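Subject: Structure handover

Hello,

Here is the structure I promised to pass on. Please open it next to these notes.

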Amino acid sequence: YKCEECDFYGNSLETMEVHAGKCCGEDFDCGLCNLKFETLENLKTHLVMCEVYECKECFNRVNKLSDIKIHIENDHDQTKRFYHLKMSRKQNEKVDIKEYGLGDV
């Protein structure tokens with residue numbers, strides 16, 4: 001495998017992913033919380049524990065239940081609903097999405 005950005009050659013796709021993250025500035029982004037990682041392996045490790053709460057009205061995302069409650073109470077009068085998103089432990093790379101109201105939690 002040859003890197004499209006430089007003269008590096010790797011013997012596997014995994015080697016190329018590591019190289020791309022370190023040498024060529026390619027980041028691996030978490031689709032839930034938007035954190036960036038240098039390697040695919042670090043992203044996979046992060047995804048096991050990543051979960052976010054998303055406001056149903058403005059789609060603002062935070063990492064803590066208490067933060068989404070504060071956001072909704074302070075910024076939205078009518079919509080008191082939010083989503084809880086996390087990676088499914090059963091099906092890799094699938095996101096479980098559950099909808100809640102402030103009174104539900």
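The buried residues of α3 are covered by elements that include β3, β4 and β5. Contact here means heavy atoms within 4.5 Å. The model is predicted, so local features need pLDDT of at least 70 and side-chain atom pairs count only at pLDDT 80 or more, while totals for chains, interfaces and linings use all residues. Residues are numbered from 1 along each chain as its sequence is written, and side-chain values use heavy atoms, with hydrogens and water left out.

Helix and sheet

I68, H71 and I72 are the buried residues in α3. They span an arc of only 95 degrees around the axis, which places them on the same side of α3. The arc is taken from the directions that run from the helix axis to the C-beta atoms. Buried means under 20% relative accessible area, exposed over 50%, and partly exposed in between, with a 1.4 Å probe and protein chains only.

The sheet is open and has four strands, in the order β4-β3-β5-β6, with antiparallel pairing. β4 (61-62) and β6 (95-101) are at the edges with a single partner strand each, so one side of each has no neighbour in the sheet. Helix α3 (residues 65-75) packs on this sheet and touches β3, β4 and β5 (81-87). Its direction makes about 10 degrees with that of β3. Axes are lines fitted to C-alpha atoms, for helices over the stretch in contact, and angles run from 0 to 180 degrees between N-to-C directions.

Helices (H or I, at least four residues) and strands (E, at least two) are DSSP runs, numbered from the N terminus. Two strands pair if DSSP finds at least two bridges between them.

Strand β3

β3 covers residues 51-55 and pairs with β4 in the antiparallel sense over two bridges. Y53 stands opposite V62 in β4. On the β5 side, five bridges join the antiparallel strands β3 and β5. There, C55 stands opposite F82. β3 is mostly covered, with four of its five residues buried. The hairpin of β3 and β4 has five residues between the strands, and in it F59 takes a positive phi near 65 degrees.

Aromatic residues

Rings of Phe, Tyr and Trp (its six-membered ring) pair if their centres lie within 6.5 Å; planes under 30 degrees apart count as stacked, over 60 as edge-to-face and the rest as tilted. The count is two aromatic pairs. The ring centres of Y53 and F82 are 6.2 Å apart and the planes are at 65 degrees, so this pair is edge-to-face. Y53 is in strand β3 and F82 in strand β5, so the pair ties together parts 29 residues apart in sequence. Both are buried: Y53 has a relative accessible area of 11%, and F82 has one of 0%. Y53, F82 and Y100 form one aromatic cluster.

Elsewhere

H46 is in helix α2 (residues 40-47). H46 is buried, at a relative accessible area of 10%. Leaving aside neighbours within four places in sequence, H46 contacts C30, C33, L35 and F37.

The whole chain

The chain has three helices and six strands, in the pattern α-β-β-α-β-β-α-β-β along the sequence. Buried residues make up 30% of its 105 residues.

Best wishes
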